[in-house]
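Subject: A structure for you, with notes on its ligands

Hello,

Here is the structure I promised to pass on. My notes on what surrounds the ligands follow below it.

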Amino acid sequence: MVMTSEQRVEATEIAGKGRSPWADARRRFFRNKAALMGLVILGFVVAFALFGNSLAQWSNEELDYNVMGQIVELGGPSIESGHYFGTDDLGRDLFARTVQGTQISLAVGLVGALIACIVGTLYGAVAGYFGGRTDSIMMRLVDIFMAVPYMFVLILLLVMYGRSITILFAGVGLISWMEMARIVRGQTLTIKGREFVEAARATGVSAPVIILRHIVPNLLGVIAVYATLLVPLMILTESFISFLGLGVQEPLTSLGALISEGAGTIAYGTTWQLGFPLLFFCLTLFGLFFIGDGLRDALDPKDR
Amino acid sequence: MSPLLSVRDLHVKFPITRAGDMPWTKPRFLHAVNGVSFDLEPGKTLGVVGESGCGKSTLARGLIQMVPATGQVKWRGETDLLSLSPRQIKPYRSEIQMVFQDPLASLNPRMTLGQIIAEPLRTHRPEVSGKERRARVAQMMERVGLLPQMINRYPHEFSGGQCQRIGIARALIVEPKLLICDEPVSALDVSIQAQVIELLKELQRDLGLAMIFIAHDLSVVKNISDEVMVLYLGRVMEKAPKALLYDNPQHPYTQALLSAVPIPDPVAERAKQIVPMTGDMPSPMNPPSGCVFRGRCPRAQADCAEVVPQPDDDLHRVACIHPGPMRDSELAQHAAG
Ligand SMILES: Nc1ncnc2c1ncn2[C@@H]1O[C@H](COP(=O)(O)OP(=O)(O)OP(=O)(O)O)[C@@H](O)[C@H]1O
Ligand code: SF4
Ligand SMILES: [Mg+2]
């Protein structure tokens with residue numbers, strides 16, 4: 001076989017590892033200033049959640065008897081007392097509690113989004129790939145689930161089984177996969193009409209393998225973008241439940257619970273009790289939204 | 001020699017549902033392939049030619065059960081492929097492989113070249129070890145003119161011609177007996193077209209492959225085919241060994257297609273008869289009665305609307321009730337009218 005000149009040129013200039021579509025997307029992502037800023041913000045919040053405890057002078061459960069009863073005068077943020085973010089109404093260190101709350105909020109967001117990604121992707125891809133009656137039944141089922149007021153169900157679950165973090169994870173995950181399933185199904189419908197899927201079918205690749213090897217990898221862009229938007233949604237849901245007083249149980253806390261407490265005491269002038277949790281809450285949301293936006297642009301360059 | 005593939009009276013119909021149809025309204029059917037029959041000997045090539053939308057791809061997909069078809073598709077004179085369940089047909093999918101029209105779109109953008117070429121092997125010979133598989137992929141890449149160091153690259157880094165080589169390597173790695181090429185060169189530059197066709201011919205000779213080679217113009221299949229079949233609105237208009245069809249076309253549609261092929265020699269090009277063909281192909285949803293070509297045929301007469309031409313000669317099949325070479329009077333008459 002004689003090589004064409006075209007092949008020879010390519011052979012000399014590109015030997016070795018391929019430039020994957022992911023590498024291209026990564027390059028575009030890192031060129032996006034806003035996305036990069038989002039990444040830095042989120043990195044800061046995550047580092048705060050992971051390592052903040054080693055900076056804290058107090059644990060999140062200890063009561064500081066020196067400030068008790070005089071929170072407004074003595075409980076404010078100060079370096080000497082070791083309460084960098086001040087104390088809460090009971091005299092507990094707000095820095096340690098914010099670290100702890102950030103951990104819980106991030107965990108709820110991540111677990112919810114993860115469940116949504118796995119369950120929603122598989123469900124949507126199966127419905128979309130098989131199409132026909134399977135698709136109709138599966139998607140009608142989602143419609144029915146979606147018509148149920150999920151907040152009500154979640155609150156009912158928390159009341160029935162007691163307030164536990166497992167129920168919270170399960171509940172948040174349970175509601176989050178459905179929108180994902182719809183999005184994934186729509187995308188699957190377009191991908192399954194592409195020629196490479198037909199090529200795989202023509203060689204006799206089985207349906208589960210086609211879904212996992214050909215459909216899902218081509219959906220990862222959409223999934224990644226939607227997941228980064230889901231994490232804040234999950235955090236918001238948890239915060240709302242905590243705000244209602246049904247979230248995680250003391251001494252554990254979440255950003256939503258802290259904001260709720262802070263909002264309750266704002267009238268006494270303890271602004272830091274609302275300010276610091278709110279700051280971390282907003283930083284997390286901003287970071288994730290910017291990253292989501294950047295991912296969308298990086299993964300679908302045609303879309304702009 | 002018994003034919004490798006023997007197709008009798010193949011039909012493919014698509015139910016067409018319009019928006020607003022009630023569930024109980026009877027669907028209308030689009031008859032995309034209508035009574036196609038042919039035999040294909042091992043190692044031979046059948047060229048299939050027709051305008052866009054005449055059912056070439058659907059014919060190919062019907063043969064291998066990618067769309068529901070009726071009729072008979074006998075493989076090696078034994079098995080009727082159309083009677084098999086999806087599970088039963090799987091072993092035959094390695095014996096019949098396909099090459100697609102759009103070289104880049106037929107490759108998964110998230111898989112490397114090595115993974116793409118290995119896929120049929122992984123599917124049909126899972127017992128082959130990873131090492132052996134890589135060796136076979138490398139060998140096949142070399143065979144189709146791809147360099148071994150390209151194995152970890154992704155499809156978007158290659159030109160159309162190279163992508164089509166990847167598609168050919170993928171099809172041949174399981175050593176099929178029949179290769180169906182659905183317009184394998186239509187999307188390529190003319191200079192690259194010739195290279196890919198040469199490659200296919202060379203591989204066919206070395207591997208003893210039978211081929212069904214689909215194209216939308218007669219010049220592309222001339223080089224590679226042993227027999228040529230001309231399709232129009234899902235029906236066979238003319239089918240003959242290559243020499244007969246090109247030198248002595250009997251059907252007005254074939255004549256029109258042939259006269260549209262440019263001849264490189266300018267003198268011959270000017271002397272060439274131009275057989276006129278008016279209008280566009282009618283919608284396959286409501287084909288004309290009688291001969292489906294009559295709306296565009298320069299020789300159409302009253303009886304063409306009544307009788308559906310039923311060709312009987314198996315060597316040179318012509319679906320026309322007034323076959324024969326185009327007469328000068330007809331050409332002149334049509335030009336005037
Ligand atoms: N899945 C389908 N459902 C309904 N109609 C279809 C389907 N696939 C093809 N058709 C119709 O069948 C007819 C033949 O289509 P086909 O793709 O086989 O044409 P073709 O000869 O391959 O054309 P081209 O040269 O453009 O590839 C067309 O009218 C097309 O609209
Ligand atoms: S049957 Fe009549 S209309 Fe059809 S091709 Fe022959 S002459 Fe033309
Ligand atoms: Mg086609």
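In this predicted model, an oxygen atom of ligand 1 lies 2.7 Å from a polar backbone atom of B:G53. Ligand 1 also has an oxygen atom 3.1 Å from a polar backbone atom of B:G55, and one 3.3 Å from a polar backbone atom of B:C54. (A polar contact here is a pair of N or O atoms within 3.5 Å.) Taken alone, ligand 1 exposes 630 Å², of which the protein buries 67%; accessible areas come from the Shrake-Rupley method with a 1.4 Å probe.

How many residues surround ligand 1? There are 14, and the closest are B:S52, B:G53, B:S57, B:T58 and B:E183. A residue counts as near if one of its heavy atoms lies within 4 Å. In chain B, β2 (28–40) and α1 (56–63) each supply at least two residues of this shell, and α1(B) gives the largest share, with three. (Helices are DSSP runs of H or I with at least four residues, strands runs of E with at least two.) By class, the shell around ligand 1 holds five nonpolar, six polar and three charged residues; Cys counts as nonpolar and Gly as polar.

Around ligand 2, the shell has eight nonpolar, two polar and two charged residues. Among them are B:C291, B:C297, B:C304 and B:C320, as well as B:H251 and B:H322.

Residues are numbered from 1 along each chain, chains are lettered from A and ligands numbered from 1 in the order written. Local features need pLDDT of at least 70, side-chain atom pairs count only at pLDDT 80 or more, totals for chains, interfaces and linings use all residues, and side-chain values use heavy atoms, without hydrogens and water.

Best wishes

Notes
A polar contact is a pair of N or O atoms within 3.5 Å; within protein, one must be able to donate a hydrogen and the other to accept it, and residues adjacent in sequence count only if both atoms are side-chain atoms.
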